[in-house]
Amino acid sequence: MMKVLKFLCFVVVVAAVAASLVACNSKNWFKASAQESGASKGPLPTAPDATFKDLDGKDVTLASLRGKVVVLNFWATWCEPCQVEIPWMIELQQKNSDKGFTILGAAMDDEGKSVVQPYVQNTEFGVDGQRMKMNYPIVLGSDDIASKFGGLIGLPTTVVITRDGKIAKRFIGLANRDQLEKQVRALL
């Protein structure tokens, strides 16, 4: 079963990359693509109101994070590209949490907390030669919440939100680490 899920994740990522290379007439797709490439003109769109549940069952709202630069990362425990990004996210959080920055990891696993909580508690990643667990808030995502952000073509999907709650950039699929770090630094 796990191999099937991993294969499906791979197929979704490949499809997302292929879709991003093909012209599309949809205005929403153009807007998302422009944001991803940084070519967006005009005012930045406001991040939607979203309320997540953390692993303790408490509400976490995006509004409560106003004043911070937020990297909202939609991921899943079974997603291999997500596993590549997690050490980057740990390092970004470690370097910038004292500068008004946070990552919010929205787990999209269908099984929810029963799979996500043990994963977060037990899984370590290699970061700068050390083994580290995820050091940023993890919340449970849902299709309803993802739809507020334009839906998810694949995982991971990362949304960079400014201190005043505007969407500055969106990465569909495996983010470019250098571009993500550059975007965060520019907003801090």
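This note goes through the fold, the core and some local details of the structure above.

1. **Basis.** This is a predicted model: local features need pLDDT of at least 70, side-chain atom pairs count only at pLDDT 80 or more, and totals for chains, interfaces and linings use all residues. Residues are numbered from 1 along each chain as its sequence is written, and side-chain values use heavy atoms, with hydrogens and water left out.

2. Seven strands make up an open sheet, ordered 2-1-7-4-3-8-9, with mixed pairing. On average, neighbouring strands are turned by 30 degrees against each other, direction ignored. Strands here are DSSP E runs of at least two residues, and helices are H or I runs of at least four, both numbered from the N terminus. Two strands pair if DSSP finds at least two bridges between them.

3. **Strand 3.** Which strands does strand 3 pair with, and in what sense? With strand 8 (residues 157-161) the pairing is antiparallel, over five bridges. With strand 4 it is parallel, over seven bridges.

4. **Burial of strand 3.** Seven of the seven residues of strand 3 are buried, so the strand is largely enclosed by the rest of the structure. Buried means under 20% relative accessible area, exposed over 50%, and partly exposed in between (1.4 Å probe, protein chains only). Val69, Val71, Asn73 and Trp75 point one way; Val70, Leu72 and Phe74 point the other way. In a regular strand the side chains alternate between the two faces of the sheet.

5. **Core.** The largest nonpolar core has 48 residues, and Phe74, Trp75 and Phe149 have the most contacts inside it. Strand 3 (residues 69-75) supplies the largest share, six residues. Such a core is a set of buried Ala, Val, Leu, Ile, Met, Phe, Trp, Tyr and Cys residues joined through side-chain atoms within 4.5 Å. In soluble globular proteins, nonpolar side chains tend to be buried together. Not counting residues up to four places away in sequence, Phe149 touches Pro48, Ala50, Leu62, Leu72, Phe74, Val159, Ile161, Ile167 and Arg170. Contact means heavy atoms within 4.5 Å.

6. Helix 3 (residues 80-96) lies across strand 3, strand 4 (101-107) and strand 8, at about 155 degrees to strand 4. Helix 4 (residues 113-122) lies across strand 3, strand 4 and strand 7 (138-140), at about 170 degrees to strand 7. Axes are lines fitted to C-alpha atoms, for helices over the stretch in contact; angles run from 0 to 180 degrees between N-to-C directions.

7. **Thr158.** This residue of strand 8 is buried, with a relative accessible area of 0%. Its side chain makes a polar contact with the side chain of Asn73 at 2.7 Å. A polar contact is a pair of N or O atoms within 3.5 Å; within protein, one must be able to donate a hydrogen and the other to accept it, and residues adjacent in sequence count only if both atoms are side-chain atoms. Not counting residues up to four places away in sequence, Thr158 touches residues including Glu85, Met89, Lys169 and Leu180.

8. **Gln183.** Leaving aside neighbours within four places in sequence, Gln183 is in contact with Val160, Ala168 and Lys169.

9. **Cysteines.** Cys79 is buried at 0% relative accessibility, and Cys82 is buried at 1%. The disulfide count is zero, taking a disulfide as a pair of cysteine sulfur atoms within 2.5 Å.

10. **Ser142.** Ser142 lies in the loop between strand 7 and helix 5 (143-148). Ser142 is partly exposed, at 27% relative accessible area. Its side chain reaches the backbone nitrogen of Ile145 at 3.2 Å. Ser142 and Asp109 are 33 residues apart in sequence and 8.6 Å apart in space, C-alpha to C-alpha.

11. **Backbone geometry.** A cis peptide bond joins Leu155 and Pro156, with omega about -5 degrees. Pro156 lies in the loop between helix 5 and strand 8. Asp128 has a positive phi, near 50 degrees, in a residue other than glycine. Asp128 lies in the loop between strand 5 (125-127) and strand 6 (130-132), and is exposed at 59% relative accessible area.
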